[in-house]
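Thanks for coming. Please take a look at it first.

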Amino acid sequence: MTITACTMDCGDACSLIVDGEKKSIKGNPRHPFTKGFICKKGTRYFERIDAEERLVTPLVKENGAFRQASWDEAMGVIAEKLDAARAVPESILHIHGHGYRGIVGTASSVLFERLGSSTSYGSVCDDTGIVASQRDFGVLNHNDPEDLLNASRIINWGRDVTRCSIHQHALIAKARKNGTEVLTISPGGDETAEFSDVNIVIRPGTDRFLAAAVLKLYLEAGDLNPWVLNRTANWPTLRGLVDGLNFAELCMACEVSSDDVEMLYDWYADTGNVATLIGWGLQRHLFGGENVRFINALAMISGNIGVRGGGAYFNISSGRNLGTWAHLVKGGASSGSRRELLIQNMGAEIKKADPPIDFIWVDGHNVVNQVPDCLSVVDAFRKPFVVVVEGFMNDTAMQADVILPPAFMFEREDVLGSFVHNCVNHCAKAVEPRGECRSDLEIIADLAARLREPLLFPDSETCIREGLKKADISYDELMDNGFVKVKHPFIAFRNMEFGHPDGLYRFPETLHPEPARDSDYPLQLLTLVSGKFLHSQIREEDQRGVPVIYVSKQNPAWAALNPAEDVYLVTEQGAMQVQMETVKELHNRAVVMRRGGWMKFGHCANVIIKPMTTDMGNGTAYYSQSCRLENR
Ligand SMILES: Nc1nc2c(c(=O)[nH]1)N[C@H]1C(S)=C(S)[C@@H](COP(=O)(O)OP(=O)(O)OC[C@H]3O[C@@H](n4cnc5c(=O)[nH]c(N)nc54)[C@H](O)[C@@H]3O)O[C@H]1N2
Ligand SMILES: Nc1nc2c(c(=O)[nH]1)N[C@H]1C(S)=C(S)[C@@H](COP(=O)(O)OP(=O)(O)OC[C@H]3O[C@@H](n4cnc5c(=O)[nH]c(N)nc54)[C@H](O)[C@@H]3O)O[C@H]1N2
Ligand SMILES: [Mo]
């Protein structure tokens, strides 16, 4: 039995008890947040480790086909290519995702930073909401998640806790048992009734108008708390902005009835404290940052910031309790400024890069599958020499010149934090790596040592000991216990002290209109997380047949099309065949598809999603993709 932890890209970051012989995975009952129960993806992780189709030796592409190679041969070829590319460091491109998390796992980022390579900027995940929250609060922080239990009411703006976080789901269920009421605002079609008393269906992408409409009711009621207003730097500007808005127009913009807006106002304004949850979905829109900022503004104006049972929850930083070990690497030279390519437009960015990209290293990221316009990424990967560190023959691995097989979680050690709670977990090695798989650190250290001007990497224990210094975490306690809870104030921003230099809160000062619907593409494509899988980490056998999309029976396409004939999902970017099913209470212009399916099975929506950047943090506006459905 080994106490270890999950390193998948999920905020719950579970502490686990793994029996390597019996191949059993259980939750660690002693962990204060994950409390001994875990999700299906976690329970079934040995299916991934032991999967027949897993790649367990290095593979080298020759005449368009892969053949097995020894580590020595593969690394020799790579080192030679990398040495040649080092003459122009920008010609090297490192693309790193969050396919696995942990501080030892940052090894490749450390190496390529030292080499002065090009890197990516922008975000496929949560930077829009992070930057929005930082603009408001000055820093990224929220109350301890357990404080949800102290809320009289929880207002959940689009967080699908049944799928994205079973432990927040459990906390909400416990709070409800104690009388907390829950209202969810979302485009619907999820199992929101499972965790909510009331659901408001909203037009996707338009939460800022709903929040602004409620702010308008606050202004009309005139019962604003002077202490709250005193702790803000720019209330007159927001008041002026909201004063100038028309209530009926705001309701129309978000397609929420005035009755529902008034109900939401009552939920915020009644006695007792209200916790505001902000999901990741509503920031994957063109004005996702403004959406988050108007919701935060409502939490603030209603007097729910800095108080028990209140708070606005977007994220905390999973790295807040861990430091870097990069300075322990010997050799190379930190380059200062590096060339950056926008992640969500990677195909076009590589093609226009000057000096051109000659060498690409991808790890922990199924980038060819996960970024918009992914066919252009396939195209851009043709010319450079591409190394992919990946355990499955997914869309990215297929484009590689060399594939290196990584040890997965439980097969190597790491330490990681969570973007939801304050525990730091030890992901101990519980089984030997399969076949010839090697940990990412070993791979990087080996490569670095082979270079003409070599670099020397520390071992994983040294990396971990160094990383723990930042929050003064005891190495021995972490090793013995499997996790350490790092102390942070239970209530964030107590006394309304914020992170800006003047200690005051900042309201948003603009409200952008939602772009008009395109009459050729009147529907909106939401590619939401799947409950069963983490992103594209889906078994091949689960991707047979035509992918399913969901619409409501009130969707104009449902009346117009014959589902028995072939149905195509069409955008300006292209078309894909889908199977159309109905789901209850989904917004009538929304089309829902669960994300992560592979291009090679015709399941990848990113083929027809165009690169669009959100208003803050260079996030990806996946959900602003307009589309239509047609029979062909
Ligand atoms: N259409 C659409 N696309 C989206 C989104 C969307 O909303 N809509 N959302 C996005 C979001 S939120 C995110 S976070 C990204 C996620 O996108 P990615 O970061 O690409 O996530 P995964 O698809 O999980 O791919 C991670 C890969 O890492 C590999 N891996 C696992 N463990 C290890 C390891 O120890 N070492 C190495 N080297 N590799 C490992 C896995 O096998 C897997 O293939 O996708 C984004 N893509
Ligand atoms: N099982 C599983 N869990 C995961 C992941 C996974 O792949 N699988 N991925 C992890 C990662 S990296 C991330 S980023 C999170 C994502 O976690 P979530 O935030 O739950 O993910 P999304 O699927 O992007 O968005 C979910 C919800 O947002 C709603 N939504 C979409 N647009 C809007 C809008 O404009 N307004 C409102 N109010 N609601 C909207 C949708 O209806 C949906 O219910 O999950 C993490 N947990
Ligand atoms: Mo994400």
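This is a predicted model: local features need pLDDT of at least 70, side-chain atom pairs count only at pLDDT 80 or more; totals for chains, interfaces and linings use all residues.

Residues are numbered from 1 along each chain as its sequence is written, chains are lettered from A and ligands numbered from 1 in the order in which they are written, and side-chain values use heavy atoms, with hydrogens and water left out.

Now ligand 2. Around ligand 2 there are 30 residues, and Asp190, Gly205, Asp207, Phe533 and Tyr623 come nearest; a residue counts as near if one of its heavy atoms lies within 4 Å. By class, this shell has 13 nonpolar, nine polar and eight charged residues. Here Ala, Val, Leu, Ile, Met, Phe, Trp, Tyr, Cys and Pro are nonpolar, Asp, Glu, Lys and Arg are charged, and the others, Gly among them, are polar.

Why does ligand 2 lie between two domains? Domain 2 (128-314) and domain 3 (523-631) both give residues to its shell, so ligand 2 lies between them. The domain bounds come from an automatic or database assignment.

Next, polar contacts, which here are pairs of N or O atoms within 3.5 Å. A polar side-chain atom of His285 is 3.0 Å from an oxygen atom of ligand 2. On the backbone side, a polar atom of Phe533 lies 2.7 Å from a nitrogen atom of the ligand. The protein buries 99% of the 910 Å² that ligand 2 exposes when taken alone, using the Shrake-Rupley method with a 1.4 Å probe.

On to the cavities. A cavity is a set of points, on a 1 Å grid over the protein atoms alone, where a 1.4 Å probe fits but cannot get out, and lining residues have an atom within 4 Å of a point. A volume is the space filled by probe spheres set on the points, with grid points joined across faces, edges and corners.

There are three cavities of 30 Å³ or more.

Definitions and conventions
A polar contact is a pair of N or O atoms within 3.5 Å; within protein, one must be able to donate a hydrogen and the other to accept it, and residues adjacent in sequence count only if both atoms are side-chain atoms. On a 1 Å grid over the protein atoms alone, a cavity is a set of points where a 1.4 Å probe fits but cannot get out, and a pocket is an open set with protein on both sides within 12 Å along at least five of seven lines; lining residues have an atom within 4 Å of a point.
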